[in-house]
There are 8 protein chains.
Amino acid sequence: TRRGVPEAILADGKTPDEAATLAAAAVKSTGRAILTRADDTHVDAVVDTLNEEVTFHRDDRARTLVAHAPDFDPPTRDATVGIVTGGTSDAEAAGEASVILEEMGATVTRVEDVGVAHLGRVIDHLDTLRAADVLVVAAGREGALPTVVAGLVDTPVIGLPVSTGYGHGGSGKAALEGMLQSCTVISVVNIDAGFVAGAQAGLIARAISDARTGNDQAD
Amino acid sequence: TRRGVPEAILADGKTPDEAATLAAAAVKSTGRAILTRADDTHVDAVVDTLNEEVTFHRDDRARTLVAHAPDFDPPTRDATVGIVTGGTSDAEAAGEASVILEEMGATVTRVEDVGVAHLGRVIDHLDTLRAADVLVVAAGREGALPTVVAGLVDTPVIGLPVSTGYGHGGSGKAALEGMLQSCTVISVVNIDAGFVAGAQAGLIARAISDARTGNDQAD
Amino acid sequence: TRRGVPEAILADGKTPDEAATLAAAAVKSTGRAILTRADDTHVDAVVDTLNEEVTFHRDDRARTLVAHAPDFDPPTRDATVGIVTGGTSDAEAAGEASVILEEMGATVTRVEDVGVAHLGRVIDHLDTLRAADVLVVAAGREGALPTVVAGLVDTPVIGLPVSTGYGHGGSGKAALEGMLQSCTVISVVNIDAGFVAGAQAGLIARAISDARTGNDQAD
Amino acid sequence: TRRGVPEAILADGKTPDEAATLAAAAVKSTGRAILTRADDTHVDAVVDTLNEEVTFHRDDRARTLVAHAPDFDPPTRDATVGIVTGGTSDAEAAGEASVILEEMGATVTRVEDVGVAHLGRVIDHLDTLRAADVLVVAAGREGALPTVVAGLVDTPVIGLPVSTGYGHGGSGKAALEGMLQSCTVISVVNIDAGFVAGAQAGLIARAISDARTGNDQAD
Amino acid sequence: TRRGVPEAILADGKTPDEAATLAAAAVKSTGRAILTRADDTHVDAVVDTLNEEVTFHRDDRARTLVAHAPDFDPPTRDATVGIVTGGTSDAEAAGEASVILEEMGATVTRVEDVGVAHLGRVIDHLDTLRAADVLVVAAGREGALPTVVAGLVDTPVIGLPVSTGYGHGGSGKAALEGMLQSCTVISVVNIDAGFVAGAQAGLIARAISDARTGNDQAD
Amino acid sequence: TRRGVPEAILADGKTPDEAATLAAAAVKSTGRAILTRADDTHVDAVVDTLNEEVTFHRDDRARTLVAHAPDFDPPTRDATVGIVTGGTSDAEAAGEASVILEEMGATVTRVEDVGVAHLGRVIDHLDTLRAADVLVVAAGREGALPTVVAGLVDTPVIGLPVSTGYGHGGSGKAALEGMLQSCTVISVVNIDAGFVAGAQAGLIARAISDARTGNDQAD
Amino acid sequence: TRRGVPEAILADGKTPDEAATLAAAAVKSTGRAILTRADDTHVDAVVDTLNEEVTFHRDDRARTLVAHAPDFDPPTRDATVGIVTGGTSDAEAAGEASVILEEMGATVTRVEDVGVAHLGRVIDHLDTLRAADVLVVAAGREGALPTVVAGLVDTPVIGLPVSTGYGHGGSGKAALEGMLQSCTVISVVNIDAGFVAGAQAGLIARAISDARTGNDQAD
Amino acid sequence: TRRGVPEAILADGKTPDEAATLAAAAVKSTGRAILTRADDTHVDAVVDTLNEEVTFHRDDRARTLVAHAPDFDPPTRDATVGIVTGGTSDAEAAGEASVILEEMGATVTRVEDVGVAHLGRVIDHLDTLRAADVLVVAAGREGALPTVVAGLVDTPVIGLPVSTGYGHGGSGKAALEGMLQSCTVISVVNIDAGFVAGAQAGLIARAISDARTGNDQAD
Ligand SMILES: Nc1ncnc2c1ncn2[C@@H]1O[C@H](COP(=O)(O)O)[C@@H](O)[C@H]1O
Ligand SMILES: Nc1ncnc2c1ncn2[C@@H]1O[C@H](COP(=O)(O)O)[C@@H](O)[C@H]1O
Ligand SMILES: Nc1ncnc2c1ncn2[C@@H]1O[C@H](COP(=O)(O)O)[C@@H](O)[C@H]1O
Ligand SMILES: Nc1ncnc2c1ncn2[C@@H]1O[C@H](COP(=O)(O)O)[C@@H](O)[C@H]1O
Ligand SMILES: [Mg+2]
Ligand SMILES: [Mg+2]
Ligand SMILES: [Mg+2]
Ligand SMILES: [Mg+2]
Ligand SMILES: [Mg+2]
Ligand SMILES: [Mg+2]
Ligand SMILES: [Mg+2]
Ligand SMILES: [Mg+2]
């Protein structure tokens, strides 16, 4: 495993057995296993397979499962990442980002249901948005939220397009294109790639934390 | 010509001669000719061909040319259409909409350079936006402006995507998709279709004007 | 809720529980809940959750469910919207438009099964089409119906492409493109976006009604 | 050369010299050369190269050049093909079809400028349309004309999409898709493939002519 | 119903009840009902609903059901249509074409499993191919068969792309594009549109038959 | 202007006059003007228009022009950004990123011509790559370089796809898709968006610099 | 059957009965049947249908079934093909390639789980990679592995894109495009076309084997 | 330079100066320079820059320029590659393949103008086709030629799609898709990638030659 980003097992497309075997190997070698896009059959198989002293954290909405060995020593970073969503359908991708960030030791703050059609709600959270070191902004349909948010802060913003919407530009296509076309400065990840958005924010948070604690290049 | 929408001659793709012949025919039969996407060679040919008593109005930015016969009696409507743009590259499409609306007799108000990355500017014009009977909102790149505007008013909004932006979703693709995916209520026209946006707004303005003046179904 | 367009809950993609919770909240705060793309499990959950005095209207073909609190006071508008369909597969999208229009207080007239391959049927309904203040025209496959209708009336026409057809241009793609390319003046909404087409027609109808009743800018 | 369809030289993308060499070879071996998409440099080179007794027919709008050797004996068929266009921008593709049909010996009748937004004009030509043995119907933008025409006749209709229109579905894309999605019975050729549409109509006309003259399978 | 092409009911996407109601109406008004893309539930519903004197013909591979009233008088044409397929996966689309052609009174000859990778098999059937008045050639994957066949005959060929193949260009996309790009002369229909291919061939066959029997323009 | 990212004028698509007017305004209000995608006519117009005391820096390969007023006080950050390219065709986009980073006060190190087909060259620069606080990695064609680099470092990597390559996936399409599909953790910007990649890296560098110098949230 | 490549039956999309009938015919005529994309119902039907003396080899991961008649005499080639995969999701396509290669008589060596984000693993297998006569390199997501491998060897490399990955460029699209855009020399097959990659490698191996054994052009 | 494939300089998109500098460096380090997609300005600059003892070979149709130092010792292989084209528009891509193969030491045989619509011509060359060790088959439009050829030989075939054709599937898209969908066994390269096709054939030819001469793995 690379120091910065913990390995995660993409359970979707794997059998419960395959997921469990990989999880057991990860716990053995790194003290931790992280499963994304895990359904209940994956969770059951992993819980059955791993020994009893392992601690589990299941997040249903994010569809993640985290397993920690008793002696696992999680990192802590002195940096905050804000995760912003436009609506309830952004919850899964945003949750995935949140879980990976917590595993990377960042402090996570959540700002939810602040769609671009209701600007007042965005503006209400301006202080929270500005207090974060990095922002992950998830949005589906027309995906304008990261642009609007980035126009209001100086913080680096990572756009996370979400596969909502039907018809032309649906399934997150318009959201991804809109973020790539943004007239502000943001970088983006693929549609529904909550893990990547979270991990990239985590790498930035780690760099800031290291700088803040005088620990640069040395972690 | 249909009563509601004046015929326009799409000069682009036609020779100057063809444009002039069609313009002369239009002035003869309806007292007026409207050319869109006309470059200087079209304009010269039309001005040369039509007789001297015709009055011309050339709009360079909108690339339109309007010719009125001396006895042409323009319609007037008791209704206002607001045309909103996000930046200077939206000027051509918005100008095309403006010209056709004026020819349909509507009062046009313009609100310019109010991009979604600078929300303050949008909010500064809220009174103007709310005073209009219909809004045409042009935007390129990520095309979020009509969504943001429609979230602030109760007026019908027509989204006009503009062919700006490069890379994935460029040339107005993201803008069109974003407007079709809008989480508010708007209807849209094709990329750069300023004529169609203006004419549709003009038809709505005419219906409102007729209702306002007790002239329904009778014009 | 914005004054003009009632909020609707897009049930598809939500669990019955989520739909019911959102519906209960909507009834509490606005006296009304509107669910679109609701299947029977959504309907059962909503009906079970809301208290007995609420009145329900389920439209199976449109897949909508409307709930009114006893004291809910629906708006009425002095304006008529015509909804035109080319065939039975357009019924769901057209029905969604119809339900939202009724909730916005417009009078709805339906003209059904008038495909472009049978022009006689369109022409038979010309009086009805011309009597409407606004038209929503739904069409799948090649989507030519709004163009043909708009060529016959002076009324504003909103094109509603429907996801029928297989092969190249199928699932409403050709219909959307054809409407955007229309050689007449129409504005469009996304494929199957009956709610948006209806709501946009409702906003126009409201503006006309206000003008007609001298109630402009004041509702 | 196959008996049914004369070979044509697609000049576009060839140098004037290459076009002239191919034309000379064709005249030598078959008594005839047909160039499509030929600009003036191609025409000049061919005229310069071929000997003086060859008869040329240049069609500027169709961008074709036909050369006949003095002893060339053109076929004649007892069958009529109607070529229908929606607007002036369909003239090149339709002209290409017309030229090839004449070279195949069919009688060609033209019906022009009958767009779907002006149904009256279509209906005015119903007798001409019904008198043809086969119809080639060219249309750009939304491409609905072949569908409307096919709904009014019993004749085989070949749809010829034309590369007009801008924005989404532009350059003939919507027209091709709309024809493939047609709710009537038509077959189609590629965008701007006037040569193919004409030649296919010519093969059908030849089969009908042979049947009519009792000359089946024997030409 | 238009004289030339019998109406067909596209059962797919309709409930068994809807299909049965439409079939009963068709039998009543025209003496015949044709269902395409009908599964067993559609067939059962139609058979149950129609009265006992109706004669049914079910084709499982083509997924069609035809119902004839006792007094139904099928047309007969003096013309032959050849239907050619590249493999077993082309059987459904080709079968649909075959059924509609028989209902239109044409004589149908089938040539099966003659793929372009096995040219010998194509050449073995050259006499059959040349004896037909019109050819419908179905092919999936790279869709080259109609091009190869059209290079060997003078008969009009209609290409019918079939939705086989996976990966890039799969589901009939490459087949459709290849037929539109064909360097021979063919016209095409949409992917899997066996009904349209058959009906278009039937219209041509009818025109030839009428010419052959001296019955032109008069049927 | 937002504190973090200096405004840049996208010269491409603007007339020299428009560019000069905007540049003069920017120098007046912020002491600086940055033009991207500027050709020589833009540069000439800007240099002619601005007064003599302004200092210019033209970068031909990056196609940028920077103008500083005499009293302009550029920011300095205590952070390093590495810019990596796969080949000479990546130079323009990478240069644009470099210029904006320098204007934002970051130290820039360049690593050039390290393509994925020559892994040795990448590995030779490992120390430089690891010494940077942030990396911008530009790549065209298959766009694999950011993935390979990110697999070797713990630093945040921003992928910058470049519009090279012909055929399927050309013009940067494969590069963008490949970066979005990367099996490592990177975020991306649009094709050729060197300005955005540089500015996003600059925002991260600024955050790290602020943390390093104890100047957090206060600049 | 062509001498070089054994015919295979693509079971997916066929009924168990159809698969069994085709398999029985293949065993009868060639002594062997190979099924690809076969699920358990296909396998059961084939095993039930074929007589008892046939030997079966089922590969679950590759989803293949091979049946050999007792007297079947498999070819042997004096050539080695290496099959390289980036991860477990490449196993099915790679397995399909492996099975067909073994049936063609080549020696197969497998190198597994060597992704581009972990270059060390690739380099560890350099000797094995260089010892092969031909390489098939399977990769999903960004598909960079064949490019990296081809940069390290002189052996012909065939890229096999695999349908993994979600969002933009997912389902193997980015992998295919990346391989076509590769800045090294490779040829490719379609997404998931393990059969084609294996068979093409087998044809090359056969040519090398024949040259090696002095058996050229004579097998 | 890798032993197998000589480096080539893609002149298109480079200035004449850049091309000349790179060519001079290549001649200096490897005794040879190969330029592809070189126009006359590139050729002039290279010829002017390199010293007089260098030998040049310019191929206008292939748009290549090869420069050999006096002491350059070209490789020779005991293997033959056949290059097959469907028409004159395939000449550039095929020529590029030919030049690179000659530089790799293979014997090249050319078979030209054998389109799938004229099967007789293909069959006339069967002996030549079968005598080659490897075949590169170029084809534009529907791209069926490699499939037809591969059905007739046991030799490995590399499909080279060419950017001909207009409309849907034009510019080589249909050709690439058709080759990827081929129902025979071929591998492919990108559209117009004559260099890659030639180099891949050259690597296979080298492996065969080495085997033939007992020089395996040792060149
Ligand atoms: N800029 C424009 N965009 C879209 N449609 C236009 C435009 N200008 C004119 N039109 C309409 O396009 C049709 C003109 O087509 P044409 O026959 O090509 O001149 C007319 O019905 C016009 O009303
Ligand atoms: N305008 C055209 N569109 C499509 N095919 C054409 C056209 N003109 C000629 N052709 C056909 O294209 C082939 C010519 O290809 P080429 O070898 O490029 O000249 C011949 O088979 C012609 O019959
Ligand atoms: N090369 C570039 N790529 C993307 N955005 C840019 C570029 N150069 C300037 N911009 C941004 O685009 C906007 C300029 O838009 P405009 O109003 O068209 O000049 C500003 O917000 C700039 O910060
Ligand atoms: N997995 C596969 N991918 C691509 N082609 C295959 C595959 N399996 C079999 N084939 C080939 O596809 C053809 C089988 O087509 P079918 O007639 O549908 O069974 C034969 O030519 C096989 O050699
Ligand atoms: Mg959203
Ligand atoms: Mg904008
Ligand atoms: Mg319809
Ligand atoms: Mg048209
Ligand atoms: Mg086939
Ligand atoms: Mg690169
Ligand atoms: Mg991979
Ligand atoms: Mg070809």
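## Close-up views of a predicted model

An oxygen atom of ligand 2 sits 2.8 Å from an N or O atom in the side chain of K14(D).

**View 1. Ligand 2 lies between chains D, E and H.** Start from K14(D), whose side chain has an N or O atom 2.8 Å from an oxygen atom of the ligand. Then look for T36(D): an N or O atom of its side chain is 2.9 Å from a nitrogen atom of ligand 2. Chain H takes part through Y166(H), where an N or O atom of the side chain is 2.4 Å from a nitrogen atom of ligand 2. On its own, ligand 2 has 500 Å² of accessible area, and the protein covers 84% of it.

**View 2. Here are the residues that surround ligand 2.** From chain D come E7(D), A8(D), L10(D), K14(D), T36(D), R37(D), E96(D) and F195(D). Chain E brings C183(E), while chain H brings R141(H) and Y166(H). What classes of residue make up this shell around ligand 2? It divides into 5 nonpolar, 1 polar and 5 charged residues.

**View 3. Ligand 1 is found between chains B, C and D.**

**View 4. Three side chains are picked out around ligand 1, from K14(B), T36(B) and Y166(D).** In the side chain of K14(B), an N or O atom is 2.7 Å from an oxygen atom of ligand 1. T36(B) places a polar side-chain atom 2.9 Å from a nitrogen atom of the ligand. For Y166(D), a polar side-chain atom lies 2.4 Å from a nitrogen atom of ligand 1. The protein covers 83% of the 500 Å² of accessible area that ligand 1 has on its own.

**View 5. Chain A is divided into two parts, domain 1 (9-68) and domain 2 (80-210).** Taken over C-alpha atoms, the centres of domain 1 of chain A and domain 2 of chain A are separated by 26 Å. How many residues of each domain are in contact with the other? Domain 1 of chain A contributes 11 residues, and domain 2 of chain A contributes 10 residues. Between these two domains of chain A, about 950 Å² is buried, with carbon and sulfur atoms giving 52% of that area. On the side of domain 1 of chain A, the residues that lose the most area to domain 2 are R37(A), R61(A) and A62(A), together 47% of what that side buries.

**View 6. A salt bridge joins the side chains of E96(A) and R37(A).** The N to O distance in this pair is 3.6 Å. Across the interface of domain 1 of chain A and domain 2 of chain A, 3 salt bridges are found. Between these domains of chain A there are also 4 residue pairs in polar contact, counted where both residues have pLDDT 80 or more.

**View 7. Chain B and chain C meet, with 36 residues of chain B in contact with 37 residues of chain C.** Together they bury about 2,900 Å², 52% of it on carbon and sulfur atoms. How many salt bridges cross the interface of chain B and chain C? The count is 0. Polar contacts do occur between chain B and chain C, in 10 residue pairs with both residues at pLDDT 80 or more.

**View 8. The interface of chain F and chain G has 12 residue pairs in polar contact, both residues at pLDDT 80 or more.** About 2,200 Å² is buried between chain F and chain G, and carbon and sulfur atoms account for 62% of it. The number of salt bridges across this interface of chain F and chain G is 0.

**View 9. Chain D and chain G are not joined by any contact.** The closest C-alpha atoms of chain D and chain G lie 20 Å apart. Chain B and chain H have no contact either, and their closest C-alpha atoms lie 18 Å apart.

Technical notes:
Residues are numbered from 1 along each chain as its sequence is written. Chains are lettered from A and ligands numbered from 1 in the order in which they are written. This is a predicted model: local features need pLDDT of at least 70, side-chain atom pairs count only at pLDDT 80 or more; totals for chains, interfaces and linings use all residues. Side-chain values use heavy atoms; hydrogens and water are left out. A residue is near a molecule or strand if one of its heavy atoms lies within 4 Å of it. A polar contact is a pair of N or O atoms within 3.5 Å; within protein, one must be able to donate a hydrogen and the other to accept it, and residues adjacent in sequence count only if both atoms are side-chain atoms. Accessible areas come from the Shrake-Rupley method with a 1.4 Å probe; for residues, only the protein chains shown count as cover. Contact means heavy atoms within 4.5 Å. Domain bounds come from an automatic or database domain assignment. Buried area is the accessible area (1.4 Å probe) that two parts lose on being put together, summed over both. A salt bridge is a side-chain nitrogen of Lys or Arg within 4 Å of a carboxyl oxygen of Asp or Glu. Ala, Val, Leu, Ile, Met, Phe, Trp, Tyr, Cys and Pro count as nonpolar, Asp, Glu, Lys and Arg as charged, and the others, Gly among them, as polar.
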